[in-house]
Amino acid sequence: MKHTFSHRSQNFAVIAMCCHVHRGSAIAKIVGANAAKYDTFDTTVNMWVFEETVDGRKLTEIINTDHENVKYLPGHKLPPNVVAVPDLAESVKGADILIFVVPHQFIVRVCDTIKDHIKKDALGMSLIKGVDAGPEGLKLISEVIRAKLGITMTVLMGANIANEVADEKFCETTIGCTDKAHGPTLKKLMQTTNFRVTVVEESDVVEICGALKNIVAVGAGFCDGLGFGDNTKAAVIRLGLMEMIAFAKVFCTNCPVSPATFLESCGIADLITTCYGGRNRKIGEAFAKTGKTIEQLENEMLNGQKLQGPATATEVHQVLKQKNMVEKFPLFTAVYQICFNGHKVTEFINCLQNHPEHI
């Protein structure tokens, strides 16, 4: 689908959801600032916010009056041109670029709600780190959105922990965009002095990296909870990366899978930061230490956010079973079995010791 951009013609809807809205707000801060800065874009940025009450006030009212998401991204001012909108369908009307930042479990519902309200030539960008598995096999979230809405899709993935992005600490990110014509505009929309953007064409590989690294991070958390050291975590990261590359080669059939993409921020950088600082690692550690379920820990520790790693492990395991390839991905399989099938967390080290990479 051809998408054209004209001077002062673009209007942005940043789509976020309460359970993931810290990340949506961090990106809205960047997009809002750049929309105001460059004549290429309309100034106003709509951000869908799931309405809730905080200290007796509506969250959207707080954001639009005080320009701060006090519940999910406290202490960070949003640009005044970022407008919180509680009605999802209303938030996307007239938008030329739609940015999706919701847990992957909710994307179908979001698409069904907005499909009759968006511009037919809108350009989508997904920041959603997950996959969808069904009877037809694995689908990337960008594919799900594209099928539901009929729009051109791009993705953004990288070592971008939301609080650090909001703090304007230096980081990098990767945009996957198969159509070269869109790359410069999306880079202008997203790049700042401390949020540096690289655009690559292997969009599917960029996206699969963003999903799979969360599984590896849960395993890294297991190692922390069990008291293993940095050497063990380094092995988890390396073996996890090998499984990510192998998985991409099997399932990313729409584009080449080059080693260079795994050296971008969406690959090894995102894997490292998630295995040391992300919430998937944090929950994995608590799981190993407490014996509580993933659902219990999610409710207790994440302030309404959703965890992606265990859910993605489930989707990946389903696809691997369909392909009779479970044994070739022991780290991914071990995370799934420990989280959901009652396998002891102490068994995780066995998948490292007996990994086929060592044979």
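**Entry 1: the whole chain**

I began with the secondary structure of the protein chain, which comes to 16 helices and 12 strands (DSSP runs numbered from the N terminus: helices are H or I with at least four residues, strands are E with at least two). The radius of gyration is 20 Å, close to the 21 Å from the globule rule for 359 residues, so the chain is as compact as a globular protein of that length. Here the radius is taken over C-alpha atoms, and the rule is 2.2 Å times the number of residues to the power 0.38.

A note to myself: this is a predicted model, in which local features need pLDDT of at least 70 and side-chain atom pairs count only at pLDDT 80 or more, while totals for chains, interfaces and linings use all residues. Residues are numbered from 1 along each chain as its sequence is written, and side-chain values use heavy atoms, with hydrogens and water left out.

Next I looked up the box around the C-alpha atoms, which is roughly 60 × 45 × 40 Å along the principal axes. I also found that buried residues make up 59% of the 359 residues (buried is under 20% relative accessible area, exposed over 50%, partly exposed in between, with a 1.4 Å probe and protein chains only).

**Entry 2: helix H5**

I then turned to H5, residues 141-149, where Ile141, Ser142, Val144, Ile145 and Leu149 are buried. They cover an arc of only 160° around the axis, which puts them on the same side of H5; the arc is that of the directions from the helix axis to the C-beta atoms.

**Entry 3: Lys233**

Is Lys233 buried or exposed? I found this residue in helix H9, residues 230-251, and Lys233 is buried, with a relative accessible area of 4%. Setting aside neighbours within four places in sequence, Lys233 is in contact with Ala220, Asp224, Cys275, Tyr276 and Arg281 (contact means heavy atoms within 4.5 Å).

**Entry 4: Thr314**

My last stop was Thr314 in helix H14, residues 309-322. Thr314 is partly exposed, with a relative accessible area of 30%. Not counting residues up to four places away in sequence, Thr314 touches Tyr336 and Phe340. I also checked Thr314 against Gly24: they are 290 residues apart in sequence and 25 Å apart in space, C-alpha to C-alpha.
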